Amino acid sequence: MPDVPKMKKPDAKLVLLGDMNVGKTSLLHRYMERKFKDTISTVGGAFFLKQWGPHNISIWDTAGREQFHGLGSMYCRGAAAVILTYDVTNWQSLAELEERFLSLTDTANHDCIYALVGNKADLTDPKAHLCQDSDVLSEDRTDCEEARTEPQVLSACPTPPASPASLSGMLLHKQVAREDAVALYGRILRYKGLDEKGSLPADRMCFETSAKTGYNVDALFETLFDLVLPSILRKRHENQASPTVDLEDCREASGKRGKSSCC
Amino acid sequence: MSVKAFELVPAVERDLLMGDKARINIECIECCGRHLYVGTNDCFIHHFLLDEVTSSKGRLSYSAQKLLHKYLGLKKPVAELRAASALERLIVLCDGIVFLVDMVTLESVPSAAGGGVKIRGVTAFCINENPVNGDPFCVEMGVLSSKRRTVQIYMVYEDRVQLVKEVNTPEQPVAVSIDGYFLCLALTTQYMILNYNTGASQDLFPYNSEERTPIVKRISREEFLLAAPGGLGMFANAEGASQRAPVNWSESVMAAAVCFPYVVALDENFITIHSMLDQQLKQTLSFRDGQVLQDVEGKVMLASTKAVYVLVPLPLERQIQDLLASHRVEEALVLTEGAQRNIPKDKFQILHRRILQQAGFIKFGQLQFLEAKEHFRKGQLDVRELISLYPLLLPASSSFMRCHPPLHEFADLNHLAQGDQGKVLRCKNFLISYLGEVRSTDLVNGCRDDVDTALLKLYAEQDHDSLLDLLASDNSCLLTDSIPWLEKYHKYFALGLLYHFNGQDAAALQLWIRIVDGELRDSTRSDLYEYIVDFLCCSSNMEIVWKYADWALRKDPTKGVHIFTKRPVCKGGSEVNPDEVIAYLGKHSQALLLYLEHLVLERKIQKEKFHTHLAVLYLERVVSLLKTPKDEDQLTKAREKLQAMLRESHLYRVQFVLGKMEGCEELLLERATLHGKLEEHDKALHILVHKLRDFPSAEAFVVWASSDRDPLYRQRLFHLLLGVYLHDAPSGCGGSSEMEMAAVDLLNRHGEVFDAVRVLRMLPENWSLQLLRPFLNRAVRASMHASRTSQIALGLARSENVQLLHDRLKERRKPIFVSEKKGCHLCHNTFSEPSVVCLPGGVPVHVHCAAQRVRDSPTKRQLTNSSNHT
């Protein structure tokens, strides 16, 4: 029997949000393909299916460019987890999360999980510099080093401006401290009207990663997969409880929820 | 980078429509079966009959036949045409008015209520292709009007339209599409989903209607395709979520349609075709002055301002083959698998398998074996397709024919590798591992011979360790085909295994013997001789065993005899008759000896013949060693064996062996043993004491001869020895004191065996008490012990007697009733005579029952025994 995956509706949705050039596509590539490669600016969005145990989890990579900003809330609709990504060497990228992206998550599930991820940690943190994957060749590293010298958007950042970026492997100034991310996480919870005690703690949900070296990337995705499992099971349970008979498995109760979501 | 997924075929040429009138343009088209309707900017509807024509070369073309054209009389362009085939009506939008015309006559339909069927002030309308209302004789239509922020839902009947619903929108709607209750709307600044039944709405995303014309295209149940900012084609479902990643169009896309698995979009100059499966641009066709793009019944129709075209999808298989031809395996597979739901299941399986197999060969050709294997496995490749690539691997008898059309472009492995021996080797190693994996699966059903033979050839050629495993286990290697290969690579041992597997043990043995004898060279096993012995040992074919055992025994009798001694004892199987073996081993004396030892000592076969034979063989060996006194050590060992045999066995013919020993003066000890066996203890002791003067042996003899006998016998033997020591001593000679010392030692060591009184009488008067002290001590102690034991027994018996007397007295006091109605406690019969026995406690029983009881009672029996002692 050919074991062709049917176009099945994924059990849960996970969305990567964040300003352009923070490395959303690279994070996803690193996780799915175990590689760091040059990516071009994402157009619109893309998605991957990840089999996690018996469940299908769709991971949506969104475009960070302002132009596609309007599509964000559509991608977030019904999301079980949102990864808010920033660049640790760029204070503005963190600020943008709060200013532009947080409101996009209004359409996500009420029990959606939020993770704050500071990418490019290899540029500031020696321990993230260690390759975790053996398949990262030094050659492709130098390539990306050059690719990384894209114009640093110097923003009206509240922290002192970064010292000039070093080109030869010296560490860049870290503009976003972990505490800043933790503080933002707290504000996200408040924005969502969530009780800080009842929610997942900030130290579990704030990550610093490097798509280039693979640092913390698997931990990020796998933590989130494990955390969304309960919501998958709950959703499944609700569907089983509903008296509706689904003739097609892949279209489970779509009409029903369409109505309820906009009351 | 491109695929040819579609072909643009002209349907209605310019001259058929407007001739050379330059200002007439096509505005809209509609197709319904073979009927094609074209609306123009000069307010005409043209009606054509469109026929597909397939040329002899398989090329598709269309022939259009003009049936009718009709002026609608409004002097404005015909903006929109939609067919309602069940009603035989065309719904027309022209000059802001929606009205119905007859599909055949193109005449405007008068309303049933008089007056025209007209809706005024309309900017756009759409038909619901998936209406909730199931009435086949009406069509649901969504209408946008120019003045109001509303969407109106009408039911269109043959001769009337009826407004059924009107829903408000937050902004002026620009475009609409319907599925079920869901309206997908393009408003002035955003797209939204609106449920006209419940009024619930869902914002999708913003856009700017001034910058670009919106597209809202229903593509399947509850799924729409929208033109998003940045030239994106976004998918949205009725819930307002996106389940597919967007496709990347140009900013100027004016129309789009889906022809699974492709999204076709039309912009000013091009038709672009993206795959919905991987979002990649697959094909671009140049198309100037594009006006309309519309999917109709599985194909896509297009119109430029002057002509109508059909975008005909190429057969899926052809697309896939094109992809494979350019080695784009992954894309081909994505396309195949994406088409699964559009193809009947059985047909899909066949197609999918074939594509996987082809993909596998492409990967194989690129030496990407992991992927190749995966594809072969999933595609359930007939393994022989792969084997046939390797010259000479398939057996000559194989009926295999390569599949047609071929799965790959390679003639054979050499063609593939272009003479690169490294590549050839890698391919061979791949085949080895692949065949090894599949040979135990269902994949090789029906061609097991071919697979196993190919594997054998590869193993032999590559000098692979698994060759022997293959042959030693269940296999289907073809003998005729394998022999030359194995011989070519000097795998004679393996060939022997194959012979054996095919039941030709004789051939196998001949081959192996030739290897051992050095005629053939094959170093597979350094212990091949042992292997042969083992083989013969386990072989149940006695004919073969008899035939080849001789060779093995000549080579090494000690190991060769294992053929017989180590035979597995099989239950029910025919045991080899030992007599036959013994007869067979006649000329191999050493092997015979070992075999008899095996029978007698290991298997403990209790047969006089074997025991005597073995004893005689031992004896002969000792005798022969005696004649050539070289190795004392060997002699001692041989004698020990003989002695042990003579002592331990009770079965051999003593007289016969004794006769054989005549004239062997050296073997006195053995003779003594034999005399002992014959109970001629005096002769034996005579030899031991007088001839050998070996007193320890004499003592050991007595102990041995009296073992397992009763104490009296034992005593008799010890007295006999003592007598020999004391009386047969040649008086006066120096030996007498020596023998006396032996006698003293005997007494002191085994004092308890002797009858002390008799001994004391026998002993010479002059012996000192001191000399015999240990003996006397022991004798006195033994005697004391006996006397005390008997006293205890006596006391116990007395007390029992008193006890019984007591009971008797007690019973006498009261009467014991015996009647004919009373039963005996032992046999439960009634009493018939007055004489009874009273058991302790006054229980009357029959006399014979009481007697019986006493006889049976174990305690009583013991008692009688012990009384004997006392």
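**An enclosed strand, a helix pair and a chain contact**

In chain B, strand β11 (residues 139-145) has 7 of its 7 residues buried, so this strand is largely enclosed by the rest of the structure. The model is a predicted one, and the burial described here rests on counting neighbours, a residue being called buried if 20 or more other C-beta atoms lie within 10 Å of its own.

Strand β10 (residues 122-127) of chain B runs antiparallel to β11(B) and is joined to it by 5 bridges; one bridge to follow in the model is that of B:Val122, whose partner in β11(B) is B:Ser145. Strand β12 (residues 150-156) of chain B is also antiparallel to β11(B), and here 6 bridges join the two strands, with B:Leu144 having B:Val151 as its bridge partner in β12(B). Between β11(B) and β12(B) there are 4 residues, and the two strands form a hairpin.

Elsewhere in chain B, a pair of helices can be examined. Two packed helices are described by the angle between their axes and the distance between the axes. For helix α2 (residues 316-325) and helix α3 (residues 329-338) of chain B, the axes come within 8 Å and cross at roughly 165°. Angles over 145 degrees count as roughly antiparallel, and α2(B) and α3(B) are therefore roughly antiparallel to each other. The crossing of these helices is left-handed. From α2(B), the residues B:Gln319, B:Ile320, B:Leu323 and B:Leu324 meet B:Val329, B:Glu331, B:Ala332, B:Leu335 and B:Thr336 of α3(B); sorted by class, this contact has 6 nonpolar, 2 polar and 1 charged residues.

Finally, the two chains themselves meet, in a contact that takes 22 residues from chain A and 30 residues from chain B. On the side of chain A that touches chain B, at least two residues are supplied by each of β2 (45-52), α2 (72-76) and α9 (254-260) of chain A, and α9(A) gives the most, with 5 residues. The residues on this side of chain A divide into 10 nonpolar, 9 polar and 3 charged.

Notes:
Residues numbered from 1 in each chain as written. Chains lettered and ligands numbered in written order. Predicted model: local features only at pLDDT ≥ 70, side-chain atom pairs only at ≥ 80, totals over all residues. Contact = placed C-beta atoms within 7 Å. Nonpolar A, V, L, I, M, F, W, Y, C, P; charged D, E, K, R; others polar. Axes fitted to C-alpha atoms, helices over the stretch in contact; angles between N-to-C directions. Parallel < 35°, antiparallel > 145°, perpendicular 65-115°, else oblique. Left-handed = near helix turned anticlockwise from the far one by under 90°. Buried ≥ 20, exposed ≤ 12 C-beta atoms within 10 Å, placed from the backbone. Pairing = 2+ DSSP bridges.
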